[in-house]
Each structure stands twice: as C-alpha cells, then as structure tokens.
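Please keep the sequence and the structure in view while reading.

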Amino acid sequence: MSILEVRNIEKHFGDIEVLKDISFSLEKGQSLAIIGSSGSGKTTLLRCLNFLERPDRGSISVHGNVIFDACGVSAQSEEEIRRKRLHFGLVFQNFNLFPQYTALENIMLAGTLLAKERPDYKAKKKEILEKIRTQAADLLAQVGLQTRMDNYPHQLSGGQQQRVAIARALALHPDILCFDEPTSALDPELTGEVLKVIRSLADRDTTMIIVTHEMDFARDVADQIIFMDEGLIVEQGPPEQVIGNPQEERTRQFLNHFSKG
C-alpha cells in the first residue's frame, strides 16, 4: 500500500488556477523530486500537503486513511489541522528558525509544546523533557552539528541553519519529510553540506518529497520525478526517463533551458 495518495488536487487563488488535477502516489521509503519553473505550482502543492493551504478539490490519504477530502470537509479546528500536519515535516527555503532559541531548543520546541498536553506531564515533566532533549541532541549529531547545539541561529552559517531546520522537521517523526527548495537561500559553497544530509536520509529510506532546482541531485537521489508546468503534472516517472529521456516536449524544453542556464 502507498504511504501517500494524492488525488485530483486543485487550488485556486481568486481567478488563478495554481494546481490543476494533481494526482500521484508515494511508497514508504521512496524519494520523490518535483521539478519545474518558478510559478509552476510546486510550493503550493507542498503547502497543501502540509495544510498551510486548503485545496479546493481532491483528497489526500496517508497509510490508506483519508486525511483530507474537499468534498466532505467543512471548517476544521486548529487541533484537527495540527494533528494532520504531524504526518508531514516541512523544511522551508529560508530556515525559519526561532532566533531567540539555541539550535537544540529549536528542535525541542514542538515536542515540548505537545508534551504539555499530556495528562501525565506534570508528574513526569523531568523525564519527558530529558527524553525530548536526548532525541534533539541525537538529531543534531545525525546532521553533523553535535558541537553546535548551544549556538543561536545568528552564530551559524546558512548551511548549518538549514541542517538544524532538517533536524527540527525530523523531531516529530513525520511519515513524509518535505523540502521546499532547501538550497535556494544558500551560497553555492554551502549547498553541498545540505544535499549531503538529504542524501544520507534517502540512504536510510526516509520517505521524502523534494522540490528542487538541483537536477543532478534529483537524478541521483529520487526514485520518482514529477515535472510540473503551469499547475499541471506534465510528466512523471523514474529519473532515467524524466531527466534522461523525457517523453514530453515541454519537459525537454525545460531541461534544455535549465542546462543552458
């Protein structure tokens, strides 16, 4: 069974149709790369999956359970939306770390807030927080920042901040980890360290959706690639097809333009 099923997703902003009948599935442990020009709908799709936007049509299922159906959903409470977001972790382009917290505290924050809702929190506070702290430290080590846990964001390079953001997204054990152009805000010399971390996650069979402009990286890491243009999925398939031997003329035009750029 697929871990993720996206069916017939559409999204409008006023009269502009940003997503048009988007459907795809993702197996557990697979990496999906989404490529396409700016404005093609890639980021909006991620935002719909993470419930930062609500699709106007379509459905989203995780582990066979429908978590969103535009036909059957009325207003949802913040608690419902937050619970559904836990299926997905999102790493933004611009890190979005809290400047007043250290790297370790940034990773611990969401887990700490959720723990406070536990009925046994007061009785087991010390034990619960120590477990969250240990996990956060382990995640920082996983992204190669075990010596930076007490540093604040302004004391870290862009690449280090993005690695903290990746660790933070992993902290709540999402079913699917999403990246929105994770290297676009980085200087070229810092891009490699972030891509190395994402590659290591792929090697550990982390289920991922990666919006990226790094074609060589997409070819190397992704099990499947989707090429989007003007809100549509123009072509999807394994990297050797979509990038190596595209079947659609629009895909070929994009890749030719990209290689010349």
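Two strands pair if DSSP finds at least two bridges between them. Helices (H or I, at least four residues) and strands (E, at least two) are DSSP runs, numbered from the N terminus. This is a predicted model, in which local features need pLDDT of at least 70 and side-chain atom pairs count only at pLDDT 80 or more, while totals for chains, interfaces and linings use all residues. Residues are numbered from 1 along each chain as its sequence is written, and side-chain values use heavy atoms, with hydrogens and water left out.

**The four-stranded sheet**

- Four strands, in the order E2-E1-E4-E5, form an open sheet with antiparallel pairing.
- Strands E2 and E5 (65-69) are the edge strands, and each pairs on one side only.
- From one strand to the next the twist averages 20°; axes are lines fitted to C-alpha atoms, for helices over the stretch in contact, and angles run from 0 to 180 degrees between N-to-C directions.
- Strand E4 (residues 57-62) is joined to E5 by four bridges, and the two run antiparallel; valine 62 stands opposite asparagine 65 in E5.
- Seven bridges pair strand E1 (residues 4-13) with strand E2 (residues 16-26) in the antiparallel sense, and glutamate 5 stands opposite serine 25 in E2.
- The hairpin of E1 and E2 has two residues between the strands, and glycine 14 there takes a positive phi near 65°.

**The six-stranded sheet**

- Six strands form an open sheet of mixed pairing, in the order E6-E7-E8-E3-E9-E10.
- Strand E6 (88-91) and strand E10 (232-237) stand at the edges with a single partner strand each, so one side of each is left without a neighbour in the sheet.
- On average, neighbouring strands of this sheet are turned by 20° against each other, direction ignored.
- Strand E7 (residues 176-180) pairs with strand E8 (residues 208-211) in the parallel sense over four bridges, and phenylalanine 179 stands opposite isoleucine 210 in E8.
- Helix H6 (residues 188-203) packs on the sheet and touches strand E3 (31-36), E7 and E8; contact means heavy atoms within 4.5 Å.
- The direction of H6 makes about 150° with that of E8.

**Packing between helices**

- Two packed helices are described by the angle between their axes and the distance between the axes.
- Helix H5 (residues 158-170) packs against H6 at an angle of about 20°, with the axes 8 Å apart.
- That angle makes H5 roughly parallel to H6 (angles under 35 degrees count as roughly parallel, over 145 as roughly antiparallel, 65 to 115 as roughly perpendicular and the rest as oblique).
- Residues of H5 that meet H6 include Ile166 and Leu170, and those of H6 include Val194 and Leu201.
- Helices H3 and H5 pack at an angle of about 25°, with their axes 8 Å apart.
- Their contact is made by Ala103, Asn106 and Ile107 of H3 and by Val164, Ala167 and Arg168 of H5.

**Leucine 114**

- Leucine 114 lies in helix H3 (residues 103-115).
- With a relative accessible area of 27%, leucine 114 is partly exposed (buried means under 20% relative accessible area, exposed over 50%, partly exposed in between, with a 1.4 Å probe and protein chains only).
- Not counting residues up to four places away in sequence, leucine 114 touches Arg82, Leu86 and Leu172.
- Leucine 114 and leucine 172 are 58 residues apart along the chain, and their C-alpha atoms are separated by 9.7 Å.
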